[in-house]
Amino acid sequence: TMKTRLALAAAALLAASATAHAQMPPLNFDQAAYITCKQAHDMAPEPRKMLAVYLADHASRYRGVVIPDNELGAQIAHLVRGGCTLAPDAYLFTVIDRAIVAEMSKLPKRK
């Protein structure tokens, strides 16, 4: 299913922080959109995955594409990880959206 694909793709988005502590994910898009890569990295793994899935779902819907559970989904995850490594103060949503845009011509269209 779409949620499974997104969960698997998003699970690879960010490496687990060795010093992770429990944090609740934001409750709405306005809150989620302004979380930086560093703030996401500092979150516990499960809330971080939930945040990444939520943001990836939002961006892919807006762009009219689906993030597949395959090498292409993994490529997007690598782009996000690299973008966050280079710009930890960037908003995670922006990095995810730009990764989707970079690969958009290869992504399946949403039905």
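The points below go through the fold, the core and selected helices and residues of this predicted model.

1. Overall composition. The secondary structure of the protein amounts to six helices and zero strands, so that, read from the N terminus, the order of elements is α-α-α-α-α-α. The chain has 111 residues, of which 40% count as buried. The accessible surface is about 6400 Å², and carbon and sulfur atoms hold 59% of that area. Among the contacts with a separation of 6 or more, 74% are accounted for by residues 24 or more positions apart.

2. The nonpolar core. The largest nonpolar core has 22 residues, and those that touch the most other members are Leu51, Leu55, Ile76, Val80, Leu92, Ile96 and Ile100. Two or more residues are given to this core by each of helix 3 (37–41), helix 4 (45–63), helix 5 and helix 6 (92–103). With six residues, helix 6 is the element that gives the most. As general background, nonpolar side chains tend to be buried together in soluble globular proteins.

3. Just after helix 4, Gly64 takes a positive phi of about 75 degrees.

4. Leu55 in helix 4. Leu55, which belongs to helix 4, counts as buried because its relative accessible area is 0%, and the cut-off for that class is under 20%. When neighbours within four places in sequence are left aside, the contacts of Leu55 are with Phe29, Ala32, Ala33, Leu92, Phe93 and Ile96. Leu55 and Asp97 are 42 residues apart in sequence, while their C-alpha atoms are 8.3 Å apart in space.

5. Residues up to four places away in sequence not being counted, Tyr54 touches Asn28, Phe29 and Ala32. From Tyr54 to Ala32 the separation is 22 residues in sequence and 8.5 Å in space, C-alpha to C-alpha. Ser60, likewise placed in helix 4, has 0% relative accessibility and therefore counts as buried. The side chain of Ser60 makes a polar contact with the side chain of Arg110, at 3.1 Å.

6. Helix 5 and its two faces. Helix 5 (residues 71–86) has 16 residues and reaches 22 Å from first to last C-alpha, close to the 22 Å expected at 1.5 Å a residue. Its buried residues are Leu72, Gly73, Ile76, Ala77, Val80 and Cys84. Because they cover an arc of only 150 degrees around the axis, they lie on the same side of helix 5. The face turned away from this buried side carries the exposed residues Glu71, Thr85 and Leu86. At the start of helix 5, a side-chain oxygen of Asn70 reaches to within 2.8 Å of the backbone nitrogen of Leu72.

7. Helix 6 and what covers it. The twelve residues of helix 6 should span 16 Å at 1.5 Å a residue, and the end C-alpha atoms are 17 Å apart, which agrees. Leu92, Phe93, Val95, Ile96, Asp97, Ala99, Ile100 and Glu103 are buried in this helix. The cover over these buried residues includes helix 2 (29–32), helix 3, helix 4 and helix 5.

8. Glu103 in helix 6. Glu103 is found in helix 6 and is buried because its relative accessible area is 8%, against a cut-off of under 20%. Setting aside residues up to four places away in sequence, Glu103 touches Leu72, Gln75, Ile76 and Leu79. Of these, Leu72 and Ile76 are among the buried residues of helix 5.

Notes:
Residues numbered from 1 in each chain as written. Predicted model: local features only at pLDDT ≥ 70, side-chain atom pairs only at ≥ 80, totals over all residues. Heavy atoms only, no water. Helix = DSSP H or I, 4+ residues; strand = E, 2+ residues; numbered from the N terminus. Expected span 1.5 Å × (residues − 1). Buried < 20%, exposed > 50% of the residue type's maximum accessible area, 1.4 Å probe, protein only. Arc of directions from axis to C-beta. Polar contact = N/O pair within 3.5 Å; in protein donor to acceptor, adjacent residues only side chain to side chain. Contact = heavy atoms within 4.5 Å. Areas by Shrake-Rupley, 256 points an atom, 1.4 Å probe, with all protein chains shown as cover. Core = buried A, V, L, I, M, F, W, Y, C linked by side-chain atoms within 4.5 Å.
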